[in-house]
Amino acid sequence: MKQKSGFIDTAMFYLLIPMVFAALYFVFIWSPVEKFMGAPQKIFYFHVSCAWVAFLAFFTVGYYSVRTLIKPNIKFHIHAGISAEIGVLFTTITLLTGMIWGKSSWNTWWTWEPRLATTLILWFIYVAYLFVRRMEGSWEKIAKLSAVFGIIGVINVPIVFMAIRWWNTKLHPVVFGDGKNQDGGGIEPPMLFTLLFCIFTITLLYAYLMRKGIEIEKMRHAVKKAKNKAINRLAG
Amino acid sequence: MKELVHMLELKNLTKILGDKVILRNVSLSLDRGESLAVVGPNGAGKSTFFKCTVGLLRPTSGEVYLDGELISKNSMSVKQKIGFLGHESYLYSTLTPLENLKFYGKLYKIKEADKKSAELLKEVGLHLFRDMPVRSFSRGMVQRLSIARVLLAEPEILMLDEPHTGLDVEAAYLLNRILKEKQRRGTAILMISHDFEQVQELADRVAVLSKGKIADTMAIRQGSNLEALKEWYEKAVKGA
Amino acid sequence: MKAIISDAWTIAGKDLGNEWKNKQTIGMMVIFSSLVILVFSFAFDPTNNMVKAVIPGLIWLITIFSGLLGLNRSFLSEQENDSITGLRSAPIDPSSIYLGKVMANCTMVAAVQIISIPVLFLLFDYRFMGEFLWFLLVLAAGTLGFIIVGTFLAALAVNAKNSEMLLPVLLLPLLSPLMIAAVQATRIILENADIQDAMSWIQLMAAYDLLFLAACFFLFEFIMEGS
């Protein structure tokens, strides 16, 4: 069992290295430069992929939260926690790349564009979720409480998106589209390919980080257990 | 048929909290009108044992039957039958004794809660203080009031977590009298205690809980020796 | 279901009766919301006409800030003498504890609003011209949603040692859609614009209230279970 999971990790690692370089090549050299926005548009590939993973990670948290509530199991609890930690990372990258892109194309660091604003709220929910996990107490109790919060958070995300979009359209009728690249009319096939390739690579990266994170967390638990045992033995 | 059903029955109760095994394979039974005392050193899992029995905690494995009914969460009919006197008083310190009892009376759906509360307050000797907020009470008075709270619902089984702490001799005597009266009427009593004198006074049977296991049980006959009980306890704890 | 509501009434009645006797939490909430208004009138000059535009936002700010104080108390007060365990071992459905707390908190926040919103209008010299009934409806829908989620998270946060700090961090991001809707709807009504424009916001608030009431109602027993 141990050997097998080690093999999967190694395989993923060696698959990821060429893929990341290939993605970089596709983004910066192979794909054409966008006519209106120029070279800064390249950040869009990473922006969209990271945003996708950020939301994916959050729904993973929701999924494992539901499973934790149905049957408390430390495995699900760990999965949800690691996914949230990685999610914070990708949400932060999404926000940063979004801001850089915003600066270059609309000359402003921040717009209340619904997707970007939802990402910001998502970031806060993630952080709140991690705070819940930092509570003191047995893991069963924390697992239950954090799972409950995770579920409520996941329910909230679509509503946030909807509310911000309505709010936005009421304020400024035309919103400069982002994300799916609706602004350019059609998307050129090489661009679409590059985008899909990027999304795939970053999703794979997420999966790899997830596996590694879970492994580390499990080790941490094993060490803690051993420590407790040793202390108990010393205490008599 | 009814006679065969124990008031309380624990079957292979195991509770794991975090990485620690608190209870392992605890099995016990208790009949109507019987009183069982659980004694044991600190950290033996007595409180966890109680919480599992009351249904506040879900055991990791094993079952608890009360009056033939499996205790799962939210079984209201089961909770109605249990009178649980915990470590804390569960009283609202800003309310008066009477208001506290009335509040719990409403939750337990007791008819004529007002009259009954007044009677109980008299019984535990607190009716002079019934309009004072609980905040100003001494530990012993709070303990008397929480005993009144437990008795209010006329439970079929009393679960008492160290009921004698903080009581003076007089109050302890009063409590023992009330408990014996209840027991005579068929109420089952399960209690945790440190106090061997009271255990000897009240219990029909004693079980020693040590390191999460029932180490030994013994029946107590009237007039048995306190020293012998202590000696037996030491031995059981060491043996576990 | 009937039993749940009557038990919830008992619990809410206990909380409100207690509050009626010492009036501490409500008093604090009223004073605090007045202070927030005061600080805001220093921050934005009330004589400036532009400031009228922030009134809808201010109504919700004072509601949330003062409401947070009450929410923090509502489960902390049950921790004294561990009376929450007393409630848990009573023959009642755990959801009725939640409902009872929602009722009590809602009443308290509404009572604070009755005082603080007129004070806000008074200090900012604001003449109310919108439709009063619609204003009340929006206020009720927004406050209810705030209390529904807030009470739930207060029960969750009370397990932490620093629950007073944790609650706002948990609550505010989840409230964001509700607050957008509430502020927009209030603005439309106060500006006496077409009610039709506010309709979609009111619907959004109603949907939010119902969805979270249902979710919190069912998830609450997991919070109460403990371990």
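1. **Basis.** The model is predicted, so local features need pLDDT of at least 70 and side-chain atom pairs count only at pLDDT 80 or more, while totals for chains, interfaces and linings use all residues. Residues are numbered from 1 along each chain as its sequence is written, chains are lettered from A in the order in which they are written, and side-chain values use heavy atoms, with hydrogens and water left out.

2. **Chain C with chain A.** Here 31 residues of chain C are in contact with 29 residues of chain A; contact means heavy atoms within 4.5 Å. The two chains bury about 2,700 Å² between them. Buried area is the accessible area (1.4 Å probe) that two parts lose on being put together, summed over both. Carbon and sulfur atoms carry 79% of the area. One salt bridge crosses this interface, by the rule of a Lys or Arg side-chain nitrogen within 4 Å of a carboxyl oxygen of Asp or Glu. A:E136 and C:K161 form a salt bridge through their side chains, at 2.7 Å from N to O.

3. **Chain C with chain B.** Contacts join 26 residues of chain C to 27 residues of chain B. The buried area is about 2,500 Å², and carbon and sulfur atoms give 57% of it. On the chain C side, C:N81, C:S89 and C:P91 lose the most area to chain B, together 25% of what that side buries. Two salt bridges are counted between these chains. The side chains of B:E99 and C:K21 meet in a salt bridge at 2.9 Å, N to O.

4. **Check C:N81.** C:N81 sits in the loop between α3 (55–79) and α4 (83–89) of chain C. Helices are DSSP runs of H or I with at least four residues, strands are runs of E with at least two, and both are numbered from the N terminus. Phi of C:N81 is positive, about 60°, although the residue is not a glycine. Most residues other than glycine have a negative phi. C:N81 is partly exposed, at 21% relative accessibility. The classes are buried (under 20% relative accessible area), exposed (over 50%) and partly exposed in between, with a 1.4 Å probe and protein chains only.

5. **The chain B loop.** B:S89 lies in the loop between β6 (82–85) and α3 (97–107) of chain B. B:S89 is buried, at 7%. Not counting residues up to four places away in sequence, B:S89 touches B:V142, B:S146, B:R149 and C:N81. B:Y90 is in the loop between β6 and α3 too. B:Y90 is also not a glycine, yet its phi is positive, near 60°. B:Y90 is buried, at 4%.

6. **Cores.** The largest nonpolar core has 207 residues. Such a core is a set of buried Ala, Val, Leu, Ile, Met, Phe, Trp, Tyr and Cys residues joined through side-chain atoms within 4.5 Å. Those with the most contacts inside it include A:F149, B:F49 and C:I59. Another core, of 18 residues, lies apart from it, with A:F44 and A:M191 among them.

7. **Surface patch.** A nonpolar patch of about 1,100 Å² includes A:F13, A:I17, A:W30 and A:F193. Patch residues have over 30% relative accessible area and no salt bridge; nonpolar side chains (Val, Leu, Ile, Met, Phe, Trp, Tyr) are joined within 5 Å, like charges within 9 Å. Helix α1 (residues 2–30) of chain A gives the most, with ten residues. A:I17 is in helix α1 and is partly exposed, at 35%.

Methods. Accessible areas come from the Shrake-Rupley method with a 1.4 Å probe; for residues, only the protein chains shown count as cover.
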